[in-house]
Amino acid sequence: MHYQAPSDLLNQKIIMVTGASDGIGKEAALTYARHGARLILLGRTESKLLQVQQAIAQQGSLPATVYAFDLLNAKPADYKTLAEKIAKEYGHLDGLLHSAGLLGEITPLAEQDPEQWNQVMHVNLNAGFMLTQVMIPLLLQAPKASLIFTSSGVGRKGRRGWGAYSVSKFATEGLMQVLADEYQDSNLRVNCINPGGTRTSMRASAFPEENPNNLKTPADIMPTYLYVMGDDSQNESGISFDAQPGRKPGPA
Ligand code: NDP
């Protein structure tokens with residue numbers, strides 16, 4: 001997408017990013033902060049989140065808050081407590097980007113370990129549902145709010161070996177569509193972004209033979225992440241955006 005975001009696109013907006021400790025989520029957090037947002041960083045590994053918080057401070061952006069939150073093991077009460085803390089500190093949310101994700105094992109379905117299946121479905125789908133559910137009241141408090149899920153090419157067309165990951169991404173597209181329909185007459189828009197093959201550690205573990213230099217970096221795909229988060233997309237809901245339109249799925 002050739003979108004040129006104004007430097008104040010997200011001025012004073014309060015935006016939560018999951019998976020903010022690494023890869024695409026980390027880049028999105030840094031980019032949103034540079035465009036004026038106040039970031040709430042969610043992730044599994046606190047030390048990595050603190051580094052992102054520091055990088056946000058070093059680039060002169062508004063101070064970010066860190067919440068170490070394990071999407072695999074968090075219980076409903078933990079989500080409720082998190083939402084209460086955010087409500088107390090900020091009062092509302094202007095945006096939520098779900099970027100956290102788990103690849104699991106690339107293996108035929110017949111050989112997929114059910115425990116791993118459950119973990120991938122939990123982190124990629126169930127946790128996104130639970131976090132969204134507790135954050136919706138805060139999103140509805142914003143003048144215009146953007147809720148973004150992260151999809152994948154294998155969430156639109158199944159591919160052998162991609163088992164739970166692929167199925168979780170199909171379900172994520174469904175979750176987005178149901179929510180978009182439910183909130184179509186509100187301030188809240190709901191969309192997916194399919195990043196397309198991007199140079200991160202998840203991609204490297206999925207395609208170890210691939211030359212990472214042939215892939216776009218997280219920074220390269222930020223125009224789409226900015227467009228969907230900012231008010232220029234205020235009339236778009238229920239859409240699955242491609243951050244790399246026309247890119248052929250599979251190894252680069
Ligand atoms: P990375 O592996 O680089 O980052 C994944 C992030 O998710 C990390 O911040 C990680 O935390 C976090 N995470 C994983 N498990 C948990 C958990 N249990 N609780 C909380 N946080 C967790 O992946 P990418 O940046 O590549 O992927 C981002 C999103 O984009 C994912 O949803 C992925 O499925 C999707 N995607 C990526 C593509 C690509 O080519 N890179 C292509 C298509 C889709 P920690 O740092 O602690 O490990």
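1. S146 stands opposite R189 in strand 6, and L147 has V190 of that strand as its bridge partner. Helices (H or I, at least four residues) and strands (E, at least two) are taken here as DSSP runs numbered from the N terminus. The model is a predicted one, in which local features need pLDDT of at least 70 and side-chain atom pairs count only at pLDDT 80 or more, while totals for chains, interfaces and linings use all residues. Residues are numbered from 1 along each chain as its sequence is written.

2. On the pairing of strand 6 (residues 188-194), strand 5 (residues 145-150) runs parallel to strand 6 over six bridges, where two strands pair if DSSP finds at least two bridges between them. Strand 7 (residues 240-242) also pairs with strand 6 in the parallel sense, over three bridges, and there I193 stands opposite F241.

3. Strand 6 is mostly covered, since seven of its seven residues are buried, a residue being buried if 20 or more other C-beta atoms lie within 10 Å of its own, exposed if 12 or fewer, and partly exposed in between, with C-beta atoms placed from the backbone. Both faces are covered, with L188, V190, C192 and N194 buried on one side and R189, N191 and I193 on the other.

4. Strand 5, helix 5 (residues 163-182) and strand 6 make a right-handed β-α-β unit, that is, with the strands pointing away from the viewer, the path from the first strand over the helix to the second runs clockwise.

5. Helix 1 (residues 23-34) reaches 17 Å from its first C-alpha to its last, close to the 16 Å expected at 1.5 Å a residue for its twelve residues, the expected span being 1.5 Å times one less than the number of residues. Eleven of these twelve residues are buried, so helix 1 is largely enclosed by the rest of the structure. Just after helix 1, G36 takes a positive phi of about 100°.
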